[in-house]
Amino acid sequence: MSAPAAEPVGPYVIAWLVLLLLLGVSVASAYLPIGAWHPVMSFGIAATQAAIVFLIFMRLRGRPSLKWVFAGAGFFWLFLLFAMSAVDYFTRSGYPLRP
């Protein structure tokens, strides 16, 4: 039997460098006085980093396959957990923003 062909390392190195760049932007944004836009910017950077990890390192890019079904099921479950936690948090009587 012959050994499987090695994958090119280039896309992984580029993805790693982009992740490091986004990490630097995220750290630098902590010192910017952008007020209410800071969470939006932070979540945008985090979503971009997550997309790079999913597409490159988890090999979800390419044609749809069973991998997409399991990744989608995981995200659906994560959404349910966050939603249930948010409902519990916002419906408590001691929540500080409630009159």
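This is a predicted model: local features need pLDDT of at least 70, side-chain atom pairs count only at pLDDT 80 or more; totals for chains, interfaces and linings use all residues.
Residues are numbered from 1 along each chain as its sequence is written, and side-chain values use heavy atoms, with hydrogens and water left out.

Arg59 is located in the loop between H2 and H3. Helices are DSSP runs (H or I, at least four residues), as are strands (E, at least two), and both are numbered from the N terminus. The backbone of Arg59 has a positive phi of about 55°, although Arg59 is not a glycine. The structure holds one salt bridge, a term for a side-chain nitrogen of Lys or Arg within 4 Å of a carboxyl oxygen of Asp or Glu. Arg59 forms a salt bridge with Glu7, and the closest N and O atoms are 3.0 Å apart. This pair links distant parts of the chain, with Glu7 in the segment before H1 and Arg59 in the loop between H2 and H3, 52 residues apart. Glu7 is partly exposed, with a relative accessible area of 43%.

**The nonpolar core**

A nonpolar core is a set of buried Ala, Val, Leu, Ile, Met, Phe, Trp, Tyr and Cys residues joined through side-chain atoms within 4.5 Å. The largest one has seven residues: Tyr12, Ala15, Leu19, Leu22, Ile45, Ile52 and Ile56. H1 and helix H2 (38–57) each supply at least two residues of this core, and H1 gives the most, with four residues. In soluble globular proteins, nonpolar side chains tend to be buried together. Contact means heavy atoms within 4.5 Å. Not counting residues up to four places away in sequence, Ile56 touches Pro11, Tyr12, Ala15 and Arg61.

**Aromatic pairs**

Rings of Phe, Tyr and Trp (its six-membered ring) pair if their centres lie within 6.5 Å; planes under 30 degrees apart count as stacked, over 60 as edge-to-face and the rest as tilted. The count by this rule comes to two aromatic pairs.

| Pair | Centre to centre | Angle between planes | Class |
|---|---|---|---|
| Tyr12 and Phe57 | 5.8 Å | 35° | tilted |
| Phe54 and Phe75 | 4.8 Å | 75° | edge-to-face |

Each pair links distant parts of the chain: Tyr12 in helix H1 with Phe57 in helix H2, 45 residues apart, and Phe54 in helix H2 with Phe75 in helix H3, 21 residues apart. Phe57 counts as partly exposed, at 37% relative accessibility. Phe54 is partly exposed as well, with a relative accessible area of 24%, and Phe75 counts as partly exposed at 39%.

**The nonpolar surface patch**

Patches are made of residues with over 30% relative accessible area and no salt bridge; like charges are joined within 9 Å, and nonpolar side chains (Val, Leu, Ile, Met, Phe, Trp, Tyr) within 5 Å. Accessible areas come from the Shrake-Rupley method with a 1.4 Å probe, and for residues only the protein chains shown count as cover. A nonpolar patch of about 1100 Å² is made by Val9, Val13, Trp16, Leu17, Leu20, Leu23, Val27, Tyr31, Val53, Phe57 and Met58. The elements that give two or more residues to this patch are H1 and H2. H1 supplies the largest share, six residues. Tyr31, one of the patch residues, lies in the loop between H1 and H2 and counts as exposed at 72% relative accessibility.

Ser29 is found in helix H1 (residues 10–29) and is buried, with a relative accessible area of 1%. Apart from residues up to four places away in sequence, Ser29 touches His38 and Met41. His38 belongs to helix H2 and counts as partly exposed at 27% relative accessibility. With neighbours within four places in sequence left aside, His38 is in contact with Ser29 and Ala30.

Gly72 is in helix H3 (residues 66–90) and counts as partly exposed at 37% relative accessibility. Gly72 and Pro33 are 39 residues apart in sequence and 36 Å apart in space, C-alpha to C-alpha.

Definitions and conventions: Buried means under 20% relative accessible area, exposed over 50%, partly exposed in between (1.4 Å probe, protein chains only).
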